Every structure is written in structure tokens, then in C-alpha cells.
Amino acid sequence: MSSTSDPRVVLHPSQNSIRRAFEQVAGIRLDAPDRDGVAAALEGAPILVSYPWRDDFATSGLRWVQSVSAGTEQFPIERFREAGIVLTSARGIHGPQVAEHALGLLLALTRGIGVAAGQRAERSWRWPEVSELGGTTLGILGMGVIGEAIAQRARALGMRVIGTSRDPAGYDGAADEVVAAERMDEVFSRAEAVIVALPGGEATRRIVGARQLEALGAGWLVNVGRGSVVDEDALVAALTRGSLRGAGLDVFEAEPLPESSPLWDLPNVVMTPHIAGASPHYGRRLADLFRRNLEAFRGRGEWVNRVV
């Protein structure tokens with residue numbers, strides 16, 4: 001049972017699986033308001049667990065924000081630094097499910113599953129074009145926890161894997177080869193398919209553009225990182241003229257994807273609504289990470305995934 005001295009924790013958004021997991025965390029008083037009640041709930045609460053950020057969340061008592069996502073570009077990091085607010089990410093708990101989703105999107109493209117699913121609505125029995133992944137080269141942009149999980153599964157499918165990393169010399173994992181992030185264009189020119197697993201932010205904004213897609217040629221692009229990493233105008237152009245065979249997208253520059261986006265109508269695109277990180281085990285993994293950081297908040301341990 002929580003006491004009045006236990007810190008108040010505001011959870012937003014309060015998905016059922018995450019809320020249930022946090023209800024089992026001892027030593028906190030949990031508040032899971034609806035979207036419109038978050039700012040009011042934060043009055044007097046030192047801890048926020050959230051994916052989105054709004055300026056009205058910056059209450060005077062806020063001391064720690066635990067991101068629900070691995071990415072933290074949605075948070076005002078410099079403002080947090082100036083105010084002494086700790087920000088921690090959920091890096092490391094997304095690997096299995098995002099890797100499965102990324103390869104699911106790739107298989108939907110290469111095995112014609114996406115096209116066949118569309119034909120079903122028309123009751124049309126036609127054989128889509130199919131390919132095999134075994135023996136091909138997969139490029140992975142970002143050999144972090146998610147990239148490594150993708151590499152492990154891709155190797156099991158018989159693919160050769162070349163990835164990018166900020167520290168290729170220190171890499172020791174499943175990929176056959178890892179090159180510096182600055183050699184990204186080389187990955188596109190050598191691979192039949194490329195999976196983007198990079199975080200967002202200014203450093204990666206639209207770094208995958210027309211030149212990279214031209215280097216990939218008649219291949220496939222999958223994005224399970226952040227929508228801002230890929231120049232959507234260049235992607236649409238490559239898909240429309242057919243120089244790129246297909247794209248599997250879970251993330252987009254604007255979310256929800258606007259109804260006016262041409263991506264909705266392209267037959268060589270398989271899309272999902274930013275669900276790669278979803279898992280029935282996600283709430284438990286996040287709560288376990290939160291417990292470790294709660295000890296640091298109380299001065300009894302080290303922060304995990306501290307951003308600022």
C-alpha cells in the first residue's frame with residue numbers, strides 16, 4: 001500500500017497494459033488521467049511517464065520524465081537541462097517486437113503479401129510478383145538494440161547483413177559487417193533491402209533522400225525508426241516511377257498520416273500505424289525499467305538511459 005510520502009506519478013497516455021503494469025509498482029501513487037487532464041494532474045507531481053510532450057506539462061514540481069519510447073526528440077531537452085529535470089528513455093525494451101515487425105513488413109513486400117491483401121478486397125485471384133530474401137544483402141541503418149535484433153533474425157533467414165554504427169570498431173554482434181554512419185550511401189548501393197532503425201532529431205532529419213534511394217535501385221526500404229529520417233517526397237517519387245520496388249512503413253513525417261498523402265494509394269507500399277513497438281509484454285518491460293530509475297530518483301542507484 002502506498003503512503004502519502006510516496007511520489008505521485010502521472011502516466012500518459014494510459015494504455016491498459018502499461019497502466020496495469022504500473023499499478024504493480026510499489027511505493028508510488030499512480031495517476032492516469034485522460035489527455036485533457038494531464039497538466040492538472042501534474043500539479044504537485046514530480047514524475048511524468050509519457051510519450052508526447054506539451055508545454056503545459058512543465059509544472060514547477062516536475063523533476064523526472066520517463067519516456068515511454070526509445071526516442072526523446074519530442075521533449076525540450078535544453079529546457080529540461082536548464083530546469084534540472086531528468087529525462088530517461090525507454091531504450092532497450094523495443095528490440096524483439098520492432099525487429100519482428102520490420103521483417104514482417106519486408107516479407108509482406110518481397111512475398112507479395114501486401115499486394116495480395118489488396119486484391120482480396122477486389123476478389124481478384126492474381127499472382128503478385130515475389131522474391132526470396134535468402135542470399136540477399138540487408139542494410140540496417142542504426143546498429144543499436146533494435147538494429148541488432150533485426151540482424152539476428154535476418155541472419156536466420158539466410159541474409160547477409162551490413163549495418164551502420166557510430167562506433168563500428170567496437171561492434172561485436174550478428175551483422176556480417178558494420179561501417180561508420182558516414183558511409184551510409186555505401187550500404188544503400190550494396191544492399192537489396194534497407195531497414196531504417198535510426199532515432200529522430202536534427203542529426204538524422206531526411207538523411208535518407210533521393211540519392212540514397214537511387215543507390216538502392218530496384219530494392220525495398222523499410223522504416224521502423226522515425227518518419228523524419230526519410231524524405232517522404234523523394235520516397236514517393238521513387239515509388240511512383242518504379243525505380244524502388246516497394247516500401248514498408250510504420251512511421252511517417254506527420255502522424256497520423258494525412259489523408260492527402262499519396263502513400264495511401266501506392267500499391268507498392270505496406271503501411272502500419274506506428275505499432276512496431278507494441279507488445280503485450282511492453283508494459284511489464286517499461287515498468288521494470290521504471291523501477292530501476294525510481295531507485296535512482298530516490299538517490300539509491302544509477303539512472304538507466306539518462307538523456308539529461
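Trainee: How many salt bridges does a search of the whole structure find?
Mentor: It turns up 21 salt bridges, and keep in mind that this is a predicted model.
Trainee: OK, what do the side chains of Asp31 and Arg8 do?
Mentor: They form a salt bridge, at 3.5 Å from N to O. Asp31 sits in strand E2 (residues 29-31) and Arg8 in strand E1, so the pair ties together parts that are 23 residues apart in sequence.
Trainee: Is Arg8 buried or exposed?
Mentor: Buried, because its relative accessibility is 18% and the cut-off for buried is under 20%. Asp31 is partly exposed, at 27%.
Trainee: Which backbone oxygens does the side chain of Arg8 reach?
Mentor: A polar atom of the Arg8 side chain is 2.5 Å from the backbone oxygen of Ala41, and the side chain also gets to the backbone oxygen of Glu43 at 3.0 Å. Further along the chain than four places, Arg8 touches residues including Arg29, Gly44 and Pro46.
Trainee: Which residues are linked in a network of salt bridges?
Mentor: Arg160, Glu177, Arg183, Glu186 and Arg190.
Trainee: Switching topic: how much space lies in the second largest pocket?
Mentor: About 270 Å³. It has 18 lining residues, and those closest to its centre are Leu109, Val115, Glu129, Arg245 and Asn268.
Trainee: What's the lining like by class?
Mentor: There are 10 nonpolar, 6 polar and 2 charged residues.

Notes: Residues numbered from 1 in each chain as written. Predicted model: local features only at pLDDT ≥ 70, side-chain atom pairs only at ≥ 80, totals over all residues. Heavy atoms only, no water. Buried < 20%, exposed > 50% of the residue type's maximum accessible area, 1.4 Å probe, protein only. Polar contact = N/O pair within 3.5 Å; in protein donor to acceptor, adjacent residues only side chain to side chain. Contact = heavy atoms within 4.5 Å. 1 Å grid on protein atoms, 1.4 Å probe; cavity = no way out; pocket = protein on both sides within 12 Å on 5 of 7 lines; lining within 4 Å. Points joined across faces, edges and corners; volume = space filled by probe spheres on them. Nonpolar A, V, L, I, M, F, W, Y, C, P; charged D, E, K, R; others polar. Salt bridge = Lys/Arg side-chain N within 4 Å of Asp/Glu carboxyl O. Helix = DSSP H or I, 4+ residues; strand = E, 2+ residues; numbered from the N terminus.
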